[in-house]
Amino acid sequence: MTLRRLIAGLFVLGLLGLAVFYWLTTPDTLVASQLPADHTPDAKNGEYLFHASGCGSCHLVPGTKDKTRLAGGVELKTPFGTFVAPNISPHSTDGIGGWSQIDFVNAVMRGVSPDGSHYYPAFPYASYQHMRIEDVLDLKAYMDALPPVAGRAAGHDLPLPFRLRRGLGLWKLLALDYQEIRSDPALPDQVNRGRYLVNGPGHCGECHTPRNVIGIMDGNRHLAGGPAPEGDGRIPNITPAPSVNVGKWSAEEIAETLSTGFLPDYSDNLGGSMTSVQENLSHLSRDDLLAIAIYLKSIDPITED
Ligand code: HEC
Ligand code: HEC
């Protein structure tokens, strides 16, 4: 083979590789015709979902408590770098004012921006992908009526390889299945409701499920806790293993703890990053908190390593 043919061959292989990479990492989005045509968005349900899904915990202004002023700026430290939550208030230039329903649905349920780039999974769409599309549309209706706040948050602080968003398409291929959580007729209604709230909007596994080296939640250790990703302390196991609190507490006690923040023996409060989650959950109905608790008590107990 002559040198020219070899170079030409390598060039063709390179192009093929690029084409395959491009194909594999192309965003998987929904189109407007896939939105439910007969759904009238319900902002009241949207407000409820806003609490259940904790958008305000990450997107509020750091140092403030007002989860309705969503100018962003909170830093999220992860093993892959520091992410900064952006402005998602309905401000027309600095926030997401003017986004269409399909833009919003693709951001929350597909992790894709209106211009077609991938979001980092520090935005917990690996859980929100499981939400009902109607709930996401209701959420938008509520958020559209929040105050627009000017100002853009700082950019992320990431090492070079992670600055290229295109490659996230490969991660998504492995991490996401884009399945809405549907009720399982074999399960009681309360368990179904809890299962949806925990694994969809509530995104409990984003903290409580350990991740593998590339940051994918380990399905075999669902909600079994592990070392905190920021490096200090542990995230508790919330499966009903006999050795851990969720195994020992009754469903009523778990629901009460999520509602008030006090542990059942009043020895302590829920602390750390759970403080803000618990504040969101305190807006949910007793029935829903009990559904969450009953679901947690129904899953496979996983003991610590
Ligand atoms: C754990 C923290 C966290 C939570 C909870 C969270 N987000 Fe975010 N969100 C982020 C981060 C970080 C980004 C930036 C992602 C990127 O740049 O790739 C983001 C990006 C976004 C964007 C894209 C904004 C833009 O300008 O492109 C939207 C829209 C959004 N989030 C909406 C929501 C909604 C709605 C909820 C609740 C259902 C929510 N987020 C909950 C962390 C969070
Ligand atoms: C942002 C991360 C994060 C998210 C999201 C999160 N948790 Fe937690 N959770 C924690 C941390 C950290 C603790 C430990 C708090 C402490 O040490 O006081 C905790 C503690 C708990 C406890 C007490 C467990 C024990 O053994 O004492 C329960 C129950 C719990 N979480 C349930 C949930 C549920 C249900 C959800 C989803 C609706 C959820 N958590 C979402 C971080 C999180």
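Asn87 counts as buried because its relative accessibility is 5%; buried means under 20% relative accessible area, exposed over 50% and partly exposed in between, with a 1.4 Å probe and protein chains only. This is a predicted model, in which local features need pLDDT of at least 70, side-chain atom pairs count only at pLDDT 80 or more, and totals for chains, interfaces and linings use all residues. Residues are numbered from 1 along each chain as its sequence is written, chains are lettered from A and ligands numbered from 1 in the order in which they are written, and side-chain values use heavy atoms, with hydrogens and water left out.

**Surroundings of Asn87**
- Asn87 lies in the loop between strand 2 (81–84) and helix 4; helices (H or I, at least four residues) and strands (E, at least two) are DSSP runs, numbered from the N terminus.
- The side chains of Asn87 and Ser89 are joined by a polar contact of 2.8 Å. Such a contact is a pair of N or O atoms within 3.5 Å; within protein, one must be able to donate a hydrogen and the other to accept it, and residues adjacent in sequence count only if both atoms are side-chain atoms.
- A polar atom of the Asn87 side chain also lies 2.8 Å from the backbone oxygen of Val149.
- Not counting residues up to four places away in sequence, Asn87 touches residues including Leu70, Asp94, Ile96 and Val149, where contact means heavy atoms within 4.5 Å.

**Iron sites**
- The iron atom of ligand 1 has a single donor from the protein, NE2 of His59, 2.0 Å away, and His59 is found in helix 3 (residues 55–59).
- Donors are N, O and S atoms within 2.8 Å of the metal (3.2 Å for Na, K and Ca); water is not among the atoms, so sites may look incomplete.
- His208 is in helix 10 (residues 205–208) and Met274 in helix 13 (residues 274–281), so the pair ties together parts that are 66 residues apart in sequence.
- His208 counts as buried, at 11% relative accessibility.

**Helix 2**
- Asp42 caps the N-terminal end of helix 2, with a side-chain oxygen 3.0 Å from the backbone nitrogen of Lys44.
- Gly54 follows helix 2 and has a positive phi, near 65°.
- Buried residues in helix 2 are Gly46, Leu49, Phe50, His51, Ala52 and Ser53; their cover includes helix 3, helix 5 (125–128), helix 6, helix 9 (189–199) and helix 13.
- His51, at 16% relative accessibility, touches Asn280, His283 and Leu284, not counting residues up to four places away in sequence.

**Nonpolar cores**
- The largest nonpolar core has 24 residues, and Phe50, Phe104, Val105, Val136, Leu139 and Met143 have the most contacts inside it. A nonpolar core is a set of buried Ala, Val, Leu, Ile, Met, Phe, Trp, Tyr and Cys residues joined through side-chain atoms within 4.5 Å.
- Helix 2 (43–53), helix 4 (101–110) and helix 6 (133–144) each supply at least two residues of this core, and the largest share, 6 residues, comes from helix 6.
- Another core, of 22 residues, lies apart from it, with Ile238, Val246, Ala293 and Tyr295 among them.

**Domains**
- The domain assignment, automatic or from a database, gives domain 1 (38–175) and domain 2 (189–298).
- The centres of the two domains, taken over C-alpha atoms, are separated by 22 Å.
- The contact takes 23 residues from domain 1 and 23 residues from domain 2.
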